Amino acid sequence: MSSLINSAFNQAVYAICLTDLDGKLLHVNHAYLKLYKIESVEELIGKTQRFISSPKTPKVVYQQMWQMIESNRNWNGEITNLDSEGREVFIHLNINPIFKNGEKIGYMGFSLDRSQQVMMEKQLLHANKLVVLGTLGAGLAHELNNPLTSISLEAEYIQEAIHSFQEMEHLDQLKAASNSILMSVERMNRVIEHLLVYSRKDDGEDMEIVSMNAVISDSFLFLDKQLKNRDIQVKIEKEEELKVYGHRMDMESVIHNLLTNARDAFHKSRTEEKLIKLKLSRTDDDWMMIEYWDNAGGIPPEIIEKIYDPFFTTKVEGEGTGLGLAITKKIVVASGGMISCESENGETRFIIRLPLIKENVQ
Ligand SMILES: Nc1ncnc2c1ncn2[C@@H]1O[C@H](COP(=O)(O)OP(=O)(O)OP(=O)(O)O)[C@@H](O)[C@H]1O
Ligand SMILES: [Mg+2]
């Protein structure tokens, strides 16, 4: 019998150790020796677990462990030890007291190697970081691409204009070009700033009173030429000056995303009279309503539910990130508003409602 117990002890997959009441090792099995890369049992006898402990396991863990086992209870936990070569060993340890004739004579420890699990956890954490980085990177690329295009176009124009500087008319255009450059740079600054605070703030802090008429005009600054070149007409209806609470650049992104989506959809459609309509109005219950309409081909019913999903896109890789409407919805909701979309007969309509600021609030 004792040889059977001995063989079972040595062949167990768990690393097992037996100690006296002071924690000094009396016996360990083969799995234990293998786990800590120790040649023979003799090397260990009489030593305490400190022999294999790592400073990475907080002292308080050992304190709790001793409190539990000294009061005759089992202790379970995850700790980090060191093998004889100084490499970390991650284990799940279970310690229980041993009794003989009702008297406690020692402790028995079972350890399960967690190295594989720890490695997988680390990889998962890393993969998760990559996903987060990817999301930020894609968002950054999306938001900065347009101002960068604008900067390079205007800079090219300035270079050309410098060559034919005698003509006075160029001066006004030069002024406009340099203004446009400054605005693009400001926009990129704003996006970077936004990204930096994106993860920390989501509580409406730092919002300002934004004039939507100015937002609409600025949204067209970058897109005006592009839309004209593609024979896309834009009709804007604005009533009085309407103000909302939000971030100016974010509000611009909202309009910008709707317009670029139409621009891209017209590229694929066969519509003869390409038209985008934007109407800003005040509702009876004091909301600002942005009614957006285009005839760029419409959104098929089977995908309309998905358009606000991050990364949902029908564009080929490299042409769309699928973040435009996800960002748009996030901005609208962060400003206390809502957005809805309907599409039929090749036409798309977005309705955005935002809480209006009363005139006397400044
Ligand atoms: N006005 C529109 N007309 C037709 N389809 C649209 C329109 N607006 C959005 N869509 C559809 O919704 C999808 C998601 O739009 P979203 O703006 O979120 O991403 P995207 O435009 O594909 O990518 P990105 O915004 O990065 O360019 C688009 O791929 C397109 O299929
Ligand atoms: Mg888009």
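I began with helix α3 (residues 59–70), which lies across β3, β4 and β5 and runs at about 140° to β3. Contact here means that C-beta atoms, placed from the backbone, lie within 7 Å. Angles run from 0 to 180 degrees between N-to-C directions, with axes fitted to C-alpha atoms, for helices over the stretch in contact. Helices (H or I, at least four residues) and strands (E, at least two) are DSSP runs numbered from the N terminus.

I noted that this is a predicted model, in which local features need pLDDT of at least 70, side-chain atom pairs count only at pLDDT 80 or more, and totals for chains, interfaces and linings use all residues. Residues are numbered from 1 along each chain as its sequence is written, while chains are lettered from A and ligands numbered from 1 in the order in which they are written.

Next I traced the sheet. It is open, with five antiparallel strands in the order β2-β1-β5-β4-β3; strands pair if DSSP finds at least two bridges between them. β2 (25–28) and β3 (75–82) are at the edges with a single partner strand each, so one side of each has no neighbour in the sheet. From one strand to the next, the twist averages 30°.

I then looked up β4 (residues 88–100) and β5 (residues 103–113), which are antiparallel and joined by ten bridges. K100 has E103 in β5 as its bridge partner.

Last, I checked α7 (residues 248–268) against α8 (residues 324–334): their axes come within 9 Å and cross at roughly 145°.

Key
Two residues are in contact if their C-beta atoms, placed from the backbone, lie within 7 Å.
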